[in-house]
Amino acid sequence: MFAVGDWIMYGISGVCRVAKIGKPQFASGDHKKLYYTLVPEYGTETIYAPVDTTVFMRPILTKKEAEELVSKIPDIPKGDCSGRSISVIKERYESALKAHRCEDLVGMIKSIYAKSREAARCGRKIGQVDQRYMKRAEDLLYGELAVSLGIDREEVVPYIEKAAGVAGE
């Protein structure tokens with residue numbers, strides 16, 4: 001069970017702070033089920049999640065874990081985002097998101113970034129599916145790294161480029 005004040009990753013909502021644990025105001029009568037009141041770091045809504053929810057939750061990376069992840073980024077292989085079928089590509093992206101592993105998000109971002117560079121070289125843009133999943137992966141990964149490292153989200157990419165010695169990956 002998480003404690004009030006803990007930072008967690010909640011499903012694909014991203015980084016949330018546990019604001020309260022208890023019976024929410026909307027619960028009626030003798031409702032005894034406990035809920036986490038979650039406040040997303042990068043959102044405006046409040047999330048009420050039963051403490052026994054099946055939605056994926058984990059503590060965010062510690063600062064040390066975040067620094068170790070950043071140092072490994074050059075060695076993390078690109079994910080597989082190839083294929084002609086949009087449904088196959090979407091399935092691969094969804095699989096990476098649902099794994100809830102930062103390394104998978106890094107691989108996905110690196111892969112879509114490489115795809116984007118190749119498309120630009122040929123005078124094209126990447127498709128909307130690639131763009132949408134790239135944004136989701138970046139939001140999840142960069143949001144977690146920002147909170148873990150104690151920096152603003154806008155500082156994450158420059159931090160990675162400097163710390164890991166990578167540019168634009």
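## Pro74 and the model

Pro74 is partly exposed, at 37% relative accessible area (buried means under 20%, exposed over 50%, partly exposed in between, with a 1.4 Å probe and protein chains only). Pro74 sits in the loop between helix H1 (63-72) and H2 (helices are DSSP runs of H or I with at least four residues, strands runs of E with at least two, numbered from the N terminus). Pro24 lies 50 residues from Pro74 in sequence and 45 Å from Pro74 in space, C-alpha to C-alpha.

This is a predicted model, in which local features need pLDDT of at least 70 and side-chain atom pairs pLDDT 80 or more, while totals for chains, interfaces and linings use all residues. Residues are numbered from 1 along each chain as its sequence is written, and side-chain values use heavy atoms, with hydrogens and water left out.

## Helices H2 and H3

Helix H2 covers residues 86-99 and helix H3 residues 102-121. Their axes come within 8 Å and cross at roughly 145° (axes are lines fitted to C-alpha atoms over the stretch in contact, and angles run from 0 to 180 degrees between N-to-C directions). H2 brings Ile89, Tyr93, Ala96, Leu97 and Ala99 to the contact. H3 answers with Asp104, Leu105, Met108, Ile112 and Lys115 (contact means heavy atoms within 4.5 Å). By class, the contact holds 8 nonpolar residues, no polar ones and 2 charged ones (nonpolar: Ala, Val, Leu, Ile, Met, Phe, Trp, Tyr, Cys and Pro; charged: Asp, Glu, Lys and Arg; polar: the others, Gly among them).

Asp104 lies in H3 and is partly exposed, at 25% relative accessibility. Leaving aside neighbours within four places in sequence, Asp104 touches Ala96 and Ala99. Glu154 is 50 residues from Asp104 in sequence and 21 Å away in space, C-alpha to C-alpha.

## Asp130 in H4

Asp130 belongs to helix H4. Asp130 is buried, at 8% relative accessible area. Beyond its neighbours within four places in sequence, Asp130 is in contact with Ile89, Tyr93, Ile112 and Lys115.

## The H2-H3 loop

His100 lies in the loop between H2 and H3. Its phi is near 60°, a positive value in a residue other than glycine. Most residues other than glycine have a negative phi. His100 counts as buried, at 19% relative accessibility.

## Cysteines

How many disulfides does the structure hold? The count is 0 (a disulfide is a pair of cysteine sulfur atoms within 2.5 Å). The closest cysteine sulfur to that of Cys16 is in Cys102, 15 Å away, so the two are too far apart for a bond. Cys102 is likewise in no disulfide.

Cys16 is buried, at 0% relative accessibility. Cys102 is buried too, with a relative accessible area of 5%.

## Cavities

The model has 2 cavities of 30 Å³ or more (a cavity is a set of points on a 1 Å grid over the protein atoms alone where a 1.4 Å probe fits but cannot get out, and lining residues have an atom within 4 Å of a point).

Terms used
On a 1 Å grid over the protein atoms alone, a cavity is a set of points where a 1.4 Å probe fits but cannot get out, and a pocket is an open set with protein on both sides within 12 Å along at least five of seven lines; lining residues have an atom within 4 Å of a point. Grid points are joined across faces, edges and corners, and a volume is the space filled by probe spheres set on the points.
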